Amino acid sequence: MIYDVIVLGGGPAGLAAALAARGRNKSVLVVSNRWEDSPLAKAPKIDNFLGMPGVSGSEMLRQFQAHADEAGVERVTGRVIAMMEFEGYMLTVGSDMYQGRALILASGVVHQAKLPGEPGLLGKGVSYCATCDGMLYRNRSVVVVGRSKDAPEEAEYLKSIGCQVVYTAPKRPEHLAQDIQFVQAAKLEIQGEQQVTGVLADGQLLPCDGVFILREAVASTDLLPQLNTQKGAVVVDRAMATNLPGVFAAGDCTGAPLQIAKAIGEGHVAGLSAADYLDHKA
């Protein structure tokens, strides 16, 4: 299905953007991780949001989610691992694809330092999605860098299609299959010149043909390399428009202050701006 607007992020900024776009009669899809896993959901008490003193983060998010649901906002839980421009933007979420005529980035701050060797070998053996690229490594050796809750499941998928899988993480995950080799390591480095040849895990070389780095989220700048940023924040104008056509941004990803009220305000502007963009494009 083609949506008018796809919102990347289900926090205050993303849901405010979705609600504003729905108010302009646009079809909206919000793609996000589980809201229960967000830092805001774990806040026991919030005292600086007007009209809701003392509310917990989880209760605030429940109310935001309910409001968006009542407005007809559709939601998908998952990690966006690839994006391409095509009559708007095509997003890959797991093994599924979604298309939006406009895009709003509201994914917050993604804390993920790149591994040494990762940027230069992306697409040359480094991948962020097992279900997307796994078949390229059938009957070959791969290393799974587990940094997300669903990483053990993706490792099992790779093994099921014939890959020789080594799973590495600082701690063995509870649900990792016993027949998958596990290497405990905290410091990793991707090896290779023109193609991945291995992973150095706390000094131990793990030879492989491919590396699947499975994090909780992929940074917007990895999904959209041409996105203009400054000191790690997405650059926007007063309409929350980025330098890319049809792409808007709101909330923590646009920089300080990292406050709920600021995120909601920016999200509302981004949603209205996306709707205006589509109205004038039609």
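## What you are looking at

This is a predicted model, in which local features need pLDDT of at least 70 and side-chain atom pairs count only at pLDDT 80 or more, while totals for chains, interfaces and linings use all residues. Residues are numbered from 1 along each chain as its sequence is written, and side-chain values use heavy atoms, with hydrogens and water left out.

## Overall build

The protein chain has 6 helices and 17 strands; these are DSSP runs numbered from the N terminus, helices being H or I of at least four residues and strands E of at least two. Its C-alpha trace spans about 55 × 45 × 35 Å along the principal axes.

Buried residues account for 49% of the 282 residues; buried means under 20% relative accessible area, exposed over 50% and partly exposed in between, with a 1.4 Å probe and protein chains only. The accessible surface comes to about 13700 Å², and 52% of that belongs to carbon and sulfur atoms (areas come from the Shrake-Rupley method with a 1.4 Å probe, and for residues only the protein chains shown count as cover). Of the contacts between residues at least 6 apart in sequence, 54% join residues at least 24 apart, where contact means heavy atoms within 4.5 Å.

## Nonpolar cores

In soluble globular proteins, nonpolar side chains tend to be buried together. Here the largest nonpolar core holds 43 residues, and Met83, Leu103 and Leu224 touch the most other members (a core is a set of buried Ala, Val, Leu, Ile, Met, Phe, Trp, Tyr and Cys residues joined through side-chain atoms within 4.5 Å). Not counting residues up to four places away in sequence, Leu224 touches Met83, Tyr89, Leu103, Leu105, Leu244 and Val247. A second, separate core of 33 residues includes Phe49, Ala68, Met240 and Ala241.

## Aromatic pairs

A search of the whole structure finds 4 aromatic pairs. Rings of Phe, Tyr and Trp (its six-membered ring) pair if their centres lie within 6.5 Å, with planes under 30 degrees apart counted as stacked, over 60 as edge-to-face and the rest as tilted. One of the pairs is Tyr137 with Phe212, whose ring centres are 5.6 Å apart and whose planes meet at 85°, so the pair is edge-to-face. Tyr137 lies in the loop between α3 and β8 and Phe212 in strand β14 (residues 210-215), so this pair ties together parts that are 75 residues apart in sequence. Both residues, Tyr137 and Phe212, are buried.

Phe248 and Tyr277 also form an edge-to-face pair, at 6.1 Å centre to centre and 70° between the planes. Because Phe248 lies in strand β17 and Tyr277 in helix α6, the pair ties together parts that are 29 residues apart in sequence. Phe248 counts as buried at 6% relative accessibility, whereas Tyr277 is partly exposed at 23%.

## Two buried polar residues

Asp4 is found in strand β1 (residues 2-8) and is buried, with a relative accessible area of 15%. Its side chain makes a polar contact with the side chain of Arg101 at 2.8 Å. A polar contact is a pair of N or O atoms within 3.5 Å; within protein, one must be able to donate a hydrogen and the other to accept it, and residues adjacent in sequence count only if both atoms are side-chain atoms. Leaving aside neighbours within four places in sequence, the contacts of Asp4 include Asn25, Gly100 and Leu278.

Ser148 lies in the loop between β8 (141-147) and α4 (151-160) and is buried at 9%. The side chains of Ser148 and Asp150 make a polar contact at 2.6 Å. Beyond four places in sequence, Ser148 touches Arg79, Leu214, Arg215 and Glu216.

## Backbone details

Most residues other than glycine have a negative phi, and most peptide bonds are trans. Asn139, in the loop between α3 (130-133) and β8, has a positive phi of about 65° although it is not a glycine; Asn139 counts as exposed at 56% relative accessibility. Lys231 has a positive phi of about 55°, sits in the loop between β15 (229-230) and β16 (233-234), and is exposed at 85%.
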